[in-house]
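Visitor: I would like to learn how to read the features of this model, one at a time. Please give me the general idea before each case.

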Amino acid sequence: MKRQKQITDTLVFVFLALGSIVMLYPFIWMIFTSFKPKMHIYLAGLLPRTWDFSSYIQIWDEIPLVRGFLNTILYSVPPVFIGSLVSAGAAFAFAKINFKGKNVVFLILLAGIMIPFPSIMIPQFVMFSQLQMLQSPWPLILPKLTGNVLMIFFLRQYLNYIPDSVIEAAKIDGCNYFDIYHRIILPLVTPALTAHGVLWFIGSWNDYLAPTIFIKNEKWQPVTVMVAKFNEQYAINTHVPRIMAGSVMLLVPVLIIYGIFQRWIIESVMFTSIKE
Amino acid sequence: MKTKTYKKTYFRVLDNIWGYAFVLIPIIGLVVFVVIPLCMSIYASFTAWPLGQKITSAKWVGLNNYITMFNTPLFWKSLGNTFFYMIGIPIGLVLSIIYAALMNRGTRYENVFRVIYYTPVITSTVAVSFIFQRMFMSDGGVVNNYLMALGIKNPPNWMSHPGYTKWVIIIMAVWKGLGSSIILYIAGMQGISRTYYEAAKIDGASWFYTFRKITIPLLMPVTFYLIVTGIIGGAQMYVEPRLIFTGNGPANSTFTTVIHLYDNTFRYSKAGYGSAVANILGIIVFIITAFQFYINGRRERYEETKTNN
């Protein structure tokens, strides 16, 4: 019996390991290809025969990478941070404050996320253009500041597990709701808030469609749009190493963040889904 | 007595003020970024509205945009392609439930595999699209090199044959989404009570029988959620065909509805027509999502009556 279990464990391990190769191969191939000279891309073998860094020098010379990364950070760090605090406040109100019509308001907010972005991007574009914002970074910042309904939804469920007596006790101690929010609720939801915030951050780091529409000033383009343009340009003369160097630039920061937060992210995805 | 009711009303008013103060910003966001655009989009779809002109001065054309749309073969082609991509959903479901079962056996290495399989989920679609485009190239693409090494003499022309182009996107979508479905299935499996499995074991049921008769049925909510989110995401397919096949692809084989509405609006400036396409897309997604909420609600009510009895 024990022997049989060992055999099964080994077989499962081999099967999962083979799958892991498929999951990671594209990234490994990307990294090694980016260091190959252009003529070597048709040669067999994953590893470069000579290590060539010219693709990275080229991308560094040709696109304002630092500016692109700073733009992306501007679109994904402060707005997600503020939006997360706003979402936590709304989740707290929906979970713990009895106000008139809160269920209706909550349902209306939920109904809003049923409308896909492509369906409303044309009027949003027109709105931003009439507000003279297409030359500025605001179209990618403002919508995030008002919070994220999915985050409100998950945090509200999280807060439902915290007993009301905690809030009542604080009220008796003379706390108003804002004190309760920033002294009790925020520390309590920090793990969930961080995990969802990181996922939101990654999503906004990877965003492509919205910036192509709303950002008309090249100075304000996020790094995804810059790299996509760079890559499309080299797709014409199939300069594969350069294209892969572009993809490396996009992926490495996200992979580092994922490496730091991986346990947290996966646990949070699992935790919130169980409560659904 | 009187001061008590006075105090009660005072606190109730205070609760209302605080409650709305906390939810005010998300409500403003909803109104400004969803409700107003939605109304504009509905109005615009009945006008001949060149992008860049004021919407108020656009000429009212009634149902013309919708009639044009239903008579445009390219629209139907885009809708057909968009739904064709959804073949990836059942493929992903079968693969992810198998992998989830294999990663939920209580062994030490499982967490490492979960992290590895989840990696594509968090990566940029832009970067990954370019990688897949190059890997599936007919001349010198690694995929065909491996297929030939496996003895397949004439591997498909992935990038140029209209019968294969969609599969590049489907393969990529399945690869990229697999980890997410696996994690949700594992979470679902951990929510299933041990007692079911113990009872099955006492009855002498085989592993496969237990998997088929207990695990799969009890994971129905997760499966349903994955199908619906898959359809919603699939209906919005844009970046992958745009970057892998520069949009239309050979014989329009990779063209999608969002590309159709994007091109008409932002390239040909036909914002009225684009809004009509946007509305149809929105209606399709809305119906699917509302259907999910309805079914979910019914299931919850059913489970409540079961536990109450």
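Guide: A nonpolar core is a set of buried Ala, Val, Leu, Ile, Met, Phe, Trp, Tyr and Cys residues joined through C-beta atoms within 7 Å. A residue is buried if 20 or more other C-beta atoms lie within 10 Å of its own, exposed if 12 or fewer, and partly exposed in between, with C-beta atoms placed from the backbone. This is a predicted model, in which local features need pLDDT of at least 70 and side-chain atom pairs count only at pLDDT 80 or more, while totals for chains, interfaces and linings use all residues. Residues are numbered from 1 along each chain as its sequence is written, and chains are lettered from A and ligands numbered from 1 in the order in which they are written.

Visitor: Which residues of the largest nonpolar core touch the most other members?

Guide: That core has 142 residues, and those touching the most other members are A:Ala91, A:Phe92, A:Ile152, A:Leu155 and B:Ile182. Because domain 1 (2-64) and domain 2 (67-308) of chain B both contribute residues, the core lies between them; these bounds come from an automatic or database domain assignment.

Visitor: How should I read the interface, and how many residues of chain B are in contact with chain A?

Guide: Two residues are in contact if their C-beta atoms, placed from the backbone, lie within 7 Å. On that criterion, 74 residues of chain B are in contact with 68 residues of chain A. Helix α1 (residues 2-44) of chain B supplies the largest share of its side, 19 residues, where helices (H or I, at least four residues) and strands (E, at least two) are DSSP runs numbered from the N terminus. The side of chain B that touches chain A comprises 52 nonpolar, 18 polar and 4 charged residues, with Ala, Val, Leu, Ile, Met, Phe, Trp, Tyr, Cys and Pro counted as nonpolar, Asp, Glu, Lys and Arg as charged, and the others, Gly among them, as polar.

Visitor: What separates the centres of the two domains of chain B, and how many residues does their contact take?

Guide: The centres of domain 1 and domain 2 of chain B, taken over C-alpha atoms, are 33 Å apart, and the contact takes 13 residues from domain 1 and 10 residues from domain 2.

Visitor: What confidence does the predictor give?

Guide: pLDDT is the predictor's confidence in each residue, from 0 to 100; its mean for chain B is 89, with 95% of the residues reaching 70 or more. For the complex, the predictor gives an ipTM of 0.89 and a pTM of 0.89.
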